Every structure is written in C-alpha cells, then in structure tokens.
Amino acid sequence: MVVSAPDLKAFLLATPFFGGLPDPSLDLLTSMLVERRFDAGATVVAEGEPGRSMFIVKSGRLAVRKRANAGSVIPISVLERGDFFGEMTLIEMQNRSATVVAESPTVLYELTAQNLYACYKADIHAYVIVLQNINRELCRRLRRADDRFAVQQVGDHNR
C-alpha cells in the first residue's frame, strides 16, 4: 500500500533517517515509500538473503538476530517506532547481514534501492542528507557494539 497520511511527515522528520530534510525533499521520499504489515512472528528479512530495500519502523517491535558459527542464534538488538534497518544492503550491495523478526504486529515503510537512486537523480541534496543520516546511525551502532565488546573483554579478563 502506498503511503499517504497527514501525520506521516511529522513522524518521518522525527526519525533519524529523515531528519533535516526540507519539505519538498521529504515529499519526494515519502512518495516513494510503501507500507508493509507483518504479524507477530513473521520474518521480515532473513540473514543471507539478497536485499534491495530498507525499512523504517512505524509501529511494532522487531528482534534482530544473527547466526553464530556453531549455529546458535544471537540476539543483536530490538527495533521500535522510528528505527530503521536494511540500509547496509543499499550501501554495500551485499546480502542481508541479520534476520529481523516481528515480535508484535508491525507496520513498516519500505524504501527500495531503485527509489533511493531515483532520489539521487531528482534531488542530490536530499540524497546527501539521507546518506549522512544513515552514516550517523551506523556510527552510533558501531559505538554501541564497541562498548558491548569492551565490556565482554573486561569480563573475560576478570575470570
């Protein structure tokens, strides 16, 4: 279902992905979003599968999981309203790096790589802002991962 709601712009501007976009750019990107709905327990994306889109969480709760070498599943994070995921596949054109499962009924907005490229062609300023927003979020995630790793290493050395 194509997205069109009066409060959609306010919601999107409050997300890390769309922050700082001027109205015309936001309108362009909003016109490219497609709403996707998932029931609790549904797999939204699976680790290793090809991916050519990313998602912004409108509502619901999702679990991000990664397979370990031994086959066990490791919880990575939880996503809620305003979070986004799947952006890595748009940047590096690799398969999905993790599995994302809806823990509750979930509504997502999907943006495809093709539409992001159309944004680049139509509004380079908006494209740059979006990439800066993605990079900021990736840096935040890397810092959190660094902190978790450091805590784990300290715990291992104290044993």
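Analyst: A charge sits over a ring if NZ of Lys or CZ of Arg is within 6 Å of the ring centre and within 35 degrees of the ring normal. This is a predicted model, where local features need pLDDT of at least 70 and side-chain atom pairs count only at pLDDT 80 or more, while totals for chains, interfaces and linings use all residues. Residues are numbered from 1 along each chain as its sequence is written, and side-chain values use heavy atoms, without hydrogens and water.

User: Which ring does Lys 58 lie over?

Analyst: The ring of Phe 11, with 4.6 Å to its centre. Arg 141 lies over the face of Phe 84, at 5.3 Å from the ring centre.

User: How many aromatic pairs are there?

Analyst: Six. Rings of Phe, Tyr and Trp (its six-membered ring) pair if their centres lie within 6.5 Å; planes under 30 degrees apart are stacked, over 60 edge-to-face, the rest tilted. The centres of Phe 17 and Phe 84 are 5.3 Å apart and the planes are at 70°, so this pair is edge-to-face.

User: Which residues do ring pairs link into a cluster with Phe 84?

Analyst: Phe 17 and Phe 18.

User: New topic. Where is Asp 123?

Analyst: In the loop between helix H4 (113-122) and helix H5 (124-157); helices are DSSP runs of H or I, at least four residues, numbered from the N terminus.

User: What does Asp 123 touch beyond its neighbours within four places in sequence?

Analyst: Ser 25 and Leu 28, where contact means heavy atoms within 4.5 Å.

How values were computed
Helix = DSSP H or I, 4+ residues; strand = E, 2+ residues; numbered from the N terminus.
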